[in-house]
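Visitor: I would like to learn how to read local features in a protein model. Could we go through one case at a time?

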Amino acid sequence: MISALIIYTQFFSRLVINKSVDLEHLRKGVPYLSLFGLLLGCLTGGAYALLVLVLPGPIAWVLSFVIDVLLTGGFHLDGLADMADGLFSSRHKERMLEIMKDSRIGSNGVLALLLYYALMLMSYSYLPEPKWLLIACLSMIGKAGLALQLYQMTYARSSGGSGQFFAGTRTRDIALAQVLPILVLYLGFGPKGLLAYLLVLVGAIFYRWFVYRKIDGHTGDTLGAFVEIAHMLLVIGLM
């Protein structure tokens with residue numbers, strides 16, 4: 001578990017842990033992926049809890065997203081933008097993959113990020129308390145959603161890319177990664193939390209179908225994009 005949490009911290013955040021860990025723990029540690037998300041989310045949620053003591057709630061909510069970007073470097077936001085640029089480009093598979101590798105952002109990517117933040121920021125007054133726990137759950141459900149996409153995953157590229165490290169993830173490990181989100185959402189938000197998780201699950205199935213129809217498999221970008229999509233689905237479910 002410790003090795004998995006260390007490599008996830010190194011891989012998904014800007015927090016520095018000077019310890020060498022074998023990359024195979026990216027795949028072997030999937031049962032702890034949601035736990036990592038919750039721990040990382042507690043940093044942002046804790047910051048919100050402190051900020052809201054001295055600032056209006058909506059301002060603290062906005063700043064919590066700034067803190068999240070500082071902690072993660074916008075790692076999955078980049079995936080969301082690249083996925084939108086590639087899969088909505090109306091090109092053939094090979095060209096879509098090329099577009100997603102391009103470091104430049106296109107109009108579809110900009111729109112995806114704008115829509116993401118519009119939904120997340122405008123939803124504040126409609127979401128249940130406690131908000132600090134909700135913020136922590138966003139990070140957790142994103143990683144749980146990532147785990148769902150690993151089910152019998154086919155990698156779309158012939159070689160290279162970060163997503164390939166997760167190839168071959170066991171179904172049991174994916175299922176174990178869902179236990180913590182289900183428990184935390186139920187204990188924190190009751191039946192509404194379970195319904196929100198169900199929406200994420202259904203969304204994961206539809207998203208996988210959409211991606212595979214476009215490029216016959218996942219890439220690191222499409223995997224990362226669903227982390228942010230899972231955030232939006234959870235928020236919609238809780239509203």
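Guide: What follows takes backbone geometry, charged side chains, the nonpolar core and the cysteines in turn. The model is predicted.

Visitor: Where is there a cis peptide bond, and what is its omega?

Guide: Most peptide bonds are trans, and most residues other than glycine have a negative phi. Here a cis bond joins glutamate 129 and proline 130, with omega about -5°. Proline 130 sits in the loop between helix H7 (107-122) and helix H8 (131-149).

Visitor: With which residue does glutamate 129 form a salt bridge?

Guide: Side chains of opposite charge can pair when their charged atoms come close. Glutamate 129 pairs with lysine 131, and their closest N and O atoms are 3.2 Å apart. Glutamate 129 is exposed, at 53% relative accessibility, whereas lysine 131 is buried, at 5%.

Visitor: How many salt bridges does the structure hold?

Guide: The structure holds 5. One of them joins glutamate 98 and arginine 95 at 3.1 Å, N to O. Both residues lie in helix H6 (residues 93-101), 3 residues apart, which is about one turn of the helix. Glutamate 98 is partly exposed at 47%, and arginine 95 is partly exposed at 32%. Another salt bridge links arginine 104 and aspartate 102, at 2.8 Å, N to O. Arginine 104 counts as exposed, at 63%, while aspartate 102 is partly exposed, at 25%.

Visitor: Which side chain of opposite charge is nearest to arginine 208, and how far away is it?

Guide: The nearest is aspartate 216, 11 Å away. A salt bridge needs a nitrogen and a carboxyl oxygen within 4 Å, and arginine 208, although buried, has none. Arginine 208 belongs to helix H10. A polar atom of the arginine 208 side chain lies 3.3 Å from the backbone oxygen of glutamine 152. Leaving out residues up to four places away in sequence, arginine 208 touches Gln149, Tyr151, Gln152 and Met153.

Visitor: How many residues are in the largest nonpolar core, and which have the most contacts inside it?

Guide: In soluble globular proteins, nonpolar side chains tend to be buried together. The largest core here has 72 residues, with Tyr8 and Leu234 having the most contacts inside it. H8 gives the most to this core, with 12 residues. Apart from neighbours within four places in sequence, leucine 234 is in contact with residues including Leu134, Cys137, Leu138 and Ile141. Also among its contacts are Leu185, Ala196 and Val200.

Visitor: How many disulfides does a search of the whole structure find?

Guide: The search finds 0.

Technical notes
Residues numbered from 1 in each chain as written. Predicted model: local features only at pLDDT ≥ 70, side-chain atom pairs only at ≥ 80, totals over all residues. Heavy atoms only, no water. Helix = DSSP H or I, 4+ residues; strand = E, 2+ residues; numbered from the N terminus. Buried < 20%, exposed > 50% of the residue type's maximum accessible area, 1.4 Å probe, protein only. Lys, Arg positive; Asp, Glu negative; His and termini not counted. Polar contact = N/O pair within 3.5 Å; in protein donor to acceptor, adjacent residues only side chain to side chain. Contact = heavy atoms within 4.5 Å. Core = buried A, V, L, I, M, F, W, Y, C linked by side-chain atoms within 4.5 Å. Disulfide = S-S within 2.5 Å.
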